[in-house]
Amino acid sequence: MKNLYINNRFFFTLIGVGILYVLSFFFPFFMYIAHAVLLLCFLAAMVDYLLLFNQKDGILAQRILPEKLSNGDENPIKVDIRNNYGFKIQTKIIDEIPFQFQKRDFLIQKEIGSGRNTYFQYILEPKERGEYNFGSLNIYAASPIGFVSKRFNFQKDANLAAYPSFIHLRKYELMALQSEFLLGGIKKIRKLGHTMEFEQIKDYVPGDDIRTINWKATSKTNRLMVNQFQDEKSQRIFMLIDTGRTMKMPFKELSLLDYSINATMALAHIILKKGDRAGMMTFSKKTENKIAAENKSGQLKKISESLYNIKTNFFESDFNRLYQDVKYSINQRSLILLFTNFETLDGLNRQLKYLRGIAKNHLLVVVFFKNSELQTLIHKNPESMQEIYDEVIAEKFEFEKKLIIQELKKYGIYTVYTLPENLNIDVINKYLEIKARGIL
């Protein structure tokens with residue numbers, strides 16, 4: 001009997017019977033009608049019960065989960081339900097989704113014909129990495145009478161892990177192959193030179209760079225020949241992620257750390273597709289999660305597993321320790337993308353000598369973030385004195401960020417200054433630009 005539930009229709013019918021009994025005090029003939037309706041009500045309830053509970057497997061249902069969840073993305077959860085009853089049923093579907101989503105009003109209603117299937121999906125968007133536990137998939141079935149419902153339980157306690165964003169990796173790969181990204185329009189990457197990796201000698205065609213003419217081959221063949229180069233491969237690219245307190249700042253329910261982790265995942269995928277070597281490490285009080293730069297087949301999985309376990313803390317990040325570890329563990333010139341956040345010029349100046357030390361031996365790109373809340377204040381038309389004050393303060397902070405960019409530029413340190421939601425595209429775009437220019 002624990003799966004038996006009485007529906008509102010039954011109670012509404014009883015209320016109607018009660019009204020008839022009240023009327024019978026004034027009009028005695030209503031007494032007979034009330035008795036008849038009450039008897040029919042209980043008979044209908046018994047028939048309804050027998051229709052639903054006489055068949056053990058009246059409903060079969062399956063929740064189809066992905067292999068893993070993609071953090072910060074929309075993940076489809078699919079449900080397939082089959083009606084094995086000999087009549088049409090009304091169903092209420094209540095899926096016990098993980099507590100992290102805080103959705104306590106989950107309810108989907110479906111009408112399913114006899115012997116038919118219904119197939120639908122709903123969307124979950126996780127905001128943190130980790131384990132997600134699904135409870136039971138509950139289906140409440142009611143016959144056309146609708147007085148009672150029978151509950152069916154399926155797939156209790158299913159566990160699913162949320163990994164750094166991976167759903168859009170294919171999209172970024174296609175963009176990278178075309179060397180263009182959509183960011184307020186199409187931004188084309190113009191190749192400004194050649195790397196040092198020679199490919200072949202070929203006939204000159206109009207449009208070839210005349211600086212690549214091979215005069216020795218030209219004199220031998222008596223026609224213009226040029227050297228053809230290809231992008232240098234197997235370059236080392238390291239992604240360093242700051243896990244200190246500055247990365248705990250949330251934007252659109254995701255922390256800066258999670259934005260950085262998702263961007264690292266996307267960038268690592270493109271790096272490996274381009275034939276380069278991808279590596280990473282995290283740092284705060286000490287460096288952790290070190291992965292050497294490789295381009296083996298299992299490298300992306302290794303990086304994904306390492307990113308999955310990264311946690312932030314509230315410590316001040318030790319850039320001195322980072323500088324020492326980079327100096328001794330990365331002994332070949334590499335492209336280093338440092339994901340961190342500087343809010344003030346004073347904050348940068350405290351760490352600048354260590355960044356300059358890293359930039360002496362490597363090509364350093366510092367990735368830090370625009371405050372999207374400040375951007376809304378700057379582009380807002382102020383209507384009161386308080387709003388004017390807010391806009392002036394916001395412009396002051398934005399100007400300080402520009403000073404940070406200029407200060408880093410003085411020492412040959414590249415920057416990516418971007419909104420958190422545009423981070424993936426902007427860091428991949430910067431990597432492709434550096435590759436195209438051949439400055440690594």
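1. Which helices each supply at least two residues of the lining of the largest cavity? In this predicted model, the helices in question are α7, spanning 319-329, and α8, spanning 345-361.

2. The cavity itself. The count of cavities of 30 Å³ or more comes to 1, and the largest cavity holds about 30 Å³ of space. Its lining consists of Tyr323, Val326, Lys327, Gly357, Ile358, Asn361 and His362. Sorted by class, these lining residues are 3 nonpolar, 3 polar and 1 charged. For the student reader, the general idea is that a probe the size of a water molecule, rolled over the atoms, shows where empty space is left.

3. The pair α7 and α8. The axes of these two helices lie 9 Å apart, and the helices pack at an angle of about 10 degrees. Angles under 35 degrees count as roughly parallel, and α7 and α8 are therefore roughly parallel to each other. On the α7 side the contact is made by Phe319, Asn320, Leu322, Tyr323 and Val326, and on the α8 side by Gln351, Tyr354, Leu355, Gly357 and Ile358. The contact has 7 nonpolar and 3 polar residues, with no charged residues. Tyr323, Val326, Gly357 and Ile358 take part in this contact and also line the largest cavity.

4. A residue of α8. Gly347 belongs to helix α8. Is Gly347 buried or exposed? Its relative accessible area is 11%; since buried means under 20%, Gly347 is classed as buried. In sequence, Gly347 and Ile404 are 57 residues apart, yet their C-alpha atoms are 9.5 Å apart in space.

5. The pair α5 and α6. Helix α5 covers residues 256-273 and helix α6 covers residues 299-308; their axes come within 10 Å and cross at roughly 170 degrees. Angles over 145 degrees count as roughly antiparallel, and α5 and α6 are therefore roughly antiparallel to each other. Helix α5 contributes Ile261, Thr264, Met265, Ala268, His269 and Leu272 to the contact, while α6 contributes Gln299, Leu300, Ile303, Ser304 and Leu307. By class, the contact of α5 with α6 has 7 nonpolar residues, 4 polar residues and no charged residues.

6. The largest pocket. How much space lies in the largest pocket? The volume is about 440 Å³. Its lining comprises 19 residues, and those nearest the centre of the pocket are Asn7, Gln90, Lys92, Ala142 and Ser149. Two or more lining residues come from each of β1 (4-6), α1 (8-24), β5 (89-95) and β9 (137-142). Strand β5 gives the largest share, 5 residues. The lining of this pocket divides into 8 nonpolar, 8 polar and 3 charged residues.

7. A residue of β23. Thr418 lies in strand β23, which covers residues 414-418. The relative accessibility of Thr418 is 2%, so this residue counts as buried. Which residues does Thr418 contact, leaving aside its neighbours within four places in sequence? The partners are Phe368, Phe369, Lys370, Leu423 and Asp426.

8. In summary, α7 and α8 are roughly parallel and both supply residues to the lining of the largest cavity, whereas α5 and α6 are roughly antiparallel. The largest pocket draws on other elements, including β1, α1, β5 and β9.

Technical notes. Residues are numbered from 1 along each chain as its sequence is written. This is a predicted model: local features need pLDDT of at least 70, side-chain atom pairs count only at pLDDT 80 or more; totals for chains, interfaces and linings use all residues. Side-chain values use heavy atoms; hydrogens and water are left out. On a 1 Å grid over the protein atoms alone, a cavity is a set of points where a 1.4 Å probe fits but cannot get out, and a pocket is an open set with protein on both sides within 12 Å along at least five of seven lines; lining residues have an atom within 4 Å of a point. Grid points are joined across faces, edges and corners, and a volume is the space filled by probe spheres set on the points. Helices (H or I, at least four residues) and strands (E, at least two) are DSSP runs, numbered from the N terminus. Ala, Val, Leu, Ile, Met, Phe, Trp, Tyr, Cys and Pro count as nonpolar, Asp, Glu, Lys and Arg as charged, and the others, Gly among them, as polar. Axes are lines fitted to C-alpha atoms, for helices over the stretch in contact, and angles run from 0 to 180 degrees between N-to-C directions. Angles under 35 degrees count as roughly parallel, over 145 as roughly antiparallel, 65 to 115 as roughly perpendicular and the rest as oblique. Contact means heavy atoms within 4.5 Å. Buried means under 20% relative accessible area, exposed over 50%, partly exposed in between (1.4 Å probe, protein chains only).
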